Amino acid sequence: MIMGITACLIIGSMSGCSSKENGNSQSNQKEQTIQTNQTEEEISENEDVKNEEELQPTTVTVDYAEAFQSIQGCAVILNSENNTYTFYNEDKCRTRVSPNSSFKVISALIGIHNQVITSEDSKMEYDGMNYPVDAWNADLRLEDAFRSSCIWYFRKVIDEVGQETIQEELNKLDYGNCDISEWSGSGVNSFPELNGFWIESSLMISPIEQVEVLHKIMEGETIYTKSEIEILKSIMLLEASDSKKIYGKTGTGTDGTAWFIGFVEKENTNIYFAIYLDDDSSNEISGIKAQEIAFNILEE
């Protein structure tokens, strides 16, 4: 309606209407336009409030103690279809910790976006060092490096992308505290090539933030293109059936901590999750254990 009134005013002036003769008419039209604007603004505001209320997430607390098998930790699951967060030990899910190797999801995507790596077959050359994991002692493709969680491969990717670009993209993702100040890492591993800001160092993120970052990426709410995300998904894929696909990445710390983050892709929705273990009294802690717990929960 606003557009119609405005168009009449423009047409009137172009037709040579005398401002003196039509002064009262134009004034009335102006008043009507202002009133119409106010009415539509009020309607828009009401709609915005309604939309915000509809978008407000629902939170549910559950007891996954049986799935965790007495191991200390937490779980957060986001159902994107109904915007529902399910928590086990919510306070711990909101506490920032080191991402460790779960960060390879992000470093892979940033590397792909900046063309340091361009496909699942992008290769990095082995430097001849005798690393503690046999699978790391060879030239590696992106897919192999991701699945074996090879630190030196992604250290090279991150160094080639560069500190300024990494900082910019983490800021855009709102990735935890976005702190990469300890670029070379804390020295927790004996090899310099096996250290970095994401390994028990300056970068920190909470389980709920992990879920939110994954959600933004996979729902197309970031700078990354569909083709870039498809490469990432191909290396994250763990299981596939006619009804669903499960994607994920593990991470294991040196201090009784471990991660498994990812999502389940179904026909109508994605379900995002982060499992975090923090129990230095147990010798079972690993990313694989976190993955096992996640699969048990997802089956429920």
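**Chatting through the cores and helices**

Me: Let's start with Tyr 153. Leaving aside neighbours within four places in sequence, what is Tyr 153 in contact with?

Reply: Beyond those neighbours, Tyr 153 touches Ile 117, Ser 122, Lys 123, Met 124, Leu 140, Arg 141, Leu 142 and Ala 145. Bear in mind that this is a predicted model.

Me: Thanks! Which residues have the most contacts inside the largest nonpolar core?

Reply: Those are Ile 106, Tyr 153 and Leu 170, in a core of 63 residues. Helix α7 gives the most to this core, with seven residues.

Me: OK, on to α8. Which of its residues are buried?

Reply: Helix α8 covers residues 163–173, and its buried residues are Ile 166, Glu 169, Leu 170 and Leu 173. Looking down the axis of α8, they fall within an arc of 100°, so they line one face of the helix.

Me: What covers the buried residues of α8, then?

Reply: The cover includes α5 (104–113), α7 (151–161) and α9 (207–218). Just after α8 comes Asp 174, with a positive phi of about 55°.

Me: You mentioned α9. At what angle do α9 and α10 pack?

Reply: They pack at about 125°, and their axes are 11 Å apart. The two helices are therefore oblique to each other.

Me: Which residues meet there?

Reply: From α9, Leu 214, Ile 217 and Met 218 meet Ile 229, Leu 232, Lys 233 and Met 236 of α10. By class, that contact has six nonpolar, no polar and one charged residues.

Me: What else do the buried residues of α10 pack against?

Reply: Besides α9, they pack against α5, α6 (142–147), β6 (237–240), β7 (245–252) and β8 (257–265). Glu 228 and Lys 233 are among those buried residues.

Me: New topic: where is Gln 69?

Reply: Gln 69 sits in the loop between α3 (65–68) and β2 (73–79). Its relative accessibility is 34%, so Gln 69 counts as partly exposed.

Me: How far apart are Gln 69 and Ile 293?

Reply: In sequence they are 224 residues apart, and in space 8.5 Å, C-alpha to C-alpha. Leaving aside neighbours within four places in sequence, Gln 69 is in contact with Lys 289, Glu 292 and Asn 296.

Notes:
Residues are numbered from 1 along each chain as its sequence is written. This is a predicted model: local features need pLDDT of at least 70, side-chain atom pairs count only at pLDDT 80 or more; totals for chains, interfaces and linings use all residues. Side-chain values use heavy atoms; hydrogens and water are left out. Buried means under 20% relative accessible area, exposed over 50%, partly exposed in between (1.4 Å probe, protein chains only). Helices (H or I, at least four residues) and strands (E, at least two) are DSSP runs, numbered from the N terminus. The arc is that of the directions from the helix axis to the C-beta atoms. Contact means heavy atoms within 4.5 Å. A nonpolar core is a set of buried Ala, Val, Leu, Ile, Met, Phe, Trp, Tyr and Cys residues joined through side-chain atoms within 4.5 Å. Axes are lines fitted to C-alpha atoms, for helices over the stretch in contact, and angles run from 0 to 180 degrees between N-to-C directions. Angles under 35 degrees count as roughly parallel, over 145 as roughly antiparallel, 65 to 115 as roughly perpendicular and the rest as oblique. Ala, Val, Leu, Ile, Met, Phe, Trp, Tyr, Cys and Pro count as nonpolar, Asp, Glu, Lys and Arg as charged, and the others, Gly among them, as polar.
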